[in-house]
Amino acid sequence: MKYLIIYAHPNLASFNHAILETISEELKKSNKDFEVRDLYEIGFNPVLSTEDLAAIQNGAVSHDIKIEQDYIRTSDTLIFIFPIWWSSMPAMLKGYIDRVFSLKFAYDITADGLIGLLKGKKVFIVSTTGASKEDYDKIGAFKMMNQSMDMAIFQSSGMEVIGHKYFSSVPNVSDQDRKQMLEELRLLVRDKVLG
């Protein structure tokens with residue numbers, strides 16, 4: 001069983017980074033084989049270019065995309081860690097999805113419609129929000145995000161979403177609250193990801 005963590009936050013002092021460290025610790029404790037792809041650290045280019053589109057239409061991909069696809073191809077479980085900005089994932093991660101989850105890799109279009117090509121892989125997602133759970137519940141944001149991300153991206157690619165944990169109001173809670181969130185995360189990882 002191999003795990004791939006795809007991490008998208010530019011600040012090493014962020015709560016997202018504490019989430020990355022917590023999940024990495026749990027995987028290490030269980031002697032799991034895993035890789036971390038920190039999109040900011042590796043300088044991933046999130047811009048889908050004309051050249052990218054032309055290559056994909058010709059059945060090829062650029063070298064940097066192939067590297068990321070190979071990481072996904074050889075992994076059984078993908079773990080995405082990112083903040084929610086404007087009710088969605090950061091542009092860095094959306095660009096990663098646009099470029100890496102390409103036609104003939106993540107999905108294909110047949111006479112019967114769209115089919116996911118990443119069957120057998122699992123996805124666990126951890127996101128932080130600045131707004132409160134109550135504020136997001138009022139506008140139906142969690143449902144919308146689950147549909148636009150979990151279902152429209154990951155499930156459409158054939159993967160099984162085993163969980164999407166949102167930690168709300170992160171900038172506005174106490175350090176003790178954040179410690180409790182990380183303890184909750186440890187239990188979730190043991191149950192959903194390692195269980």
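Leaving aside neighbours within four places in sequence, Arg186 is in contact with Thr22, Glu25, Glu26 and Lys29, where contact means heavy atoms within 4.5 Å. Arg186 itself sits in helix H7, residues 175-193. Helices here are DSSP runs of H or I with at least four residues, strands are runs of E with at least two, and both are numbered from the N terminus. Is Arg186 buried or exposed? Arg186 is buried, with a relative accessible area of 14%; buried means under 20%, exposed means over 50%, and partly exposed lies in between, using a 1.4 Å probe and protein chains only.

Before going on, please note that this is a predicted model, in which local features need pLDDT of at least 70, side-chain atom pairs count only at pLDDT 80 or more, and totals for chains, interfaces and linings use all residues. Residues are numbered from 1 along each chain as its sequence is written, and side-chain values use heavy atoms, with hydrogens and water left out.

## The chain as a whole

Now let us step back. The chain has 7 helices and 7 strands, and along the sequence they follow the pattern β-α-β-α-α-β-α-β-β-β-α-α-β-α. The C-alpha atoms fill a box of roughly 55 × 40 × 30 Å, taken along the principal axes.

How does the radius of gyration of the chain agree with that of a compact globule? For 195 residues, a compact globule would have a value near 16 Å, and the chain has 17 Å, which agrees. This radius is taken over C-alpha atoms, and the globule rule is 2.2 Å times the number of residues to the power 0.38.

Of the 195 residues, 48% count as buried. Among contacts with a separation of 6 or more, 78% are accounted for by residues 24 or more positions apart. The chain exposes about 9,900 Å², and carbon and sulfur atoms supply 52% of that area. Accessible areas come from the Shrake-Rupley method with a 1.4 Å probe, and for residues only the protein chains shown count as cover.

## The largest pocket

Rolling a probe the size of a water molecule over the atoms shows where empty space is left. The largest pocket has a volume of about 250 Å³. Of the 15 residues that line this pocket, the closest to its centre are Ile97, Asp98, Phe101, Ser102 and Tyr107. A pocket is found on a 1 Å grid over the protein atoms alone, as an open set of points with protein on both sides within 12 Å along at least five of seven lines; lining residues have an atom within 4 Å of a point. Grid points are joined across faces, edges and corners, and the volume is the space filled by probe spheres set on the points.

Which helices each supply at least two residues of the lining? They are H2 (50-57), H4 (91-100) and H6 (141-155). By class, the lining has 11 nonpolar, 3 polar and 1 charged residues. Here Ala, Val, Leu, Ile, Met, Phe, Trp, Tyr, Cys and Pro count as nonpolar, Asp, Glu, Lys and Arg as charged, and the others, Gly among them, as polar.

Tyr107 lies in strand E4, residues 107-110, and is partly exposed at 25% relative accessible area. Not counting residues up to four places away in sequence, Tyr107 touches Phe101, Ser102, Leu114, Ile115, Gly116 and Leu117. Tyr107 and Arg186 are 79 residues apart along the chain, and their C-alpha atoms are separated by 32 Å.

| Pair | Apart along the chain | C-alpha separation |
|---|---|---|
| Ser24 and Phe34 | 10 residues | 8.3 Å |
| Glu184 and Lys165 | 19 residues | 10.0 Å |
| Lys121 and Arg73 | 48 residues | 9.1 Å |

Ser24 lies in helix H1, residues 15-29, and counts as buried at 10% relative accessibility. Beyond four places in sequence, Ser24 is in contact with Ile5, Phe34 and Val36.

Glu184 belongs to helix H7 and is partly exposed, at 36%. Leaving aside neighbours within four places, Glu184 is in contact with Lys165 and Phe167.

Lys121 lies in the loop between strand E5 (113-116) and strand E6 (122-128), and counts as buried at 11%.

Finally, visit the loop between strand E3 (77-83) and H4, which holds Trp86. Trp86 has a positive phi of about 55° although it is not a glycine, and Trp86 is exposed, at 87%.

Terms used. 1 Å grid on protein atoms, 1.4 Å probe; cavity = no way out; pocket = protein on both sides within 12 Å on 5 of 7 lines; lining within 4 Å.
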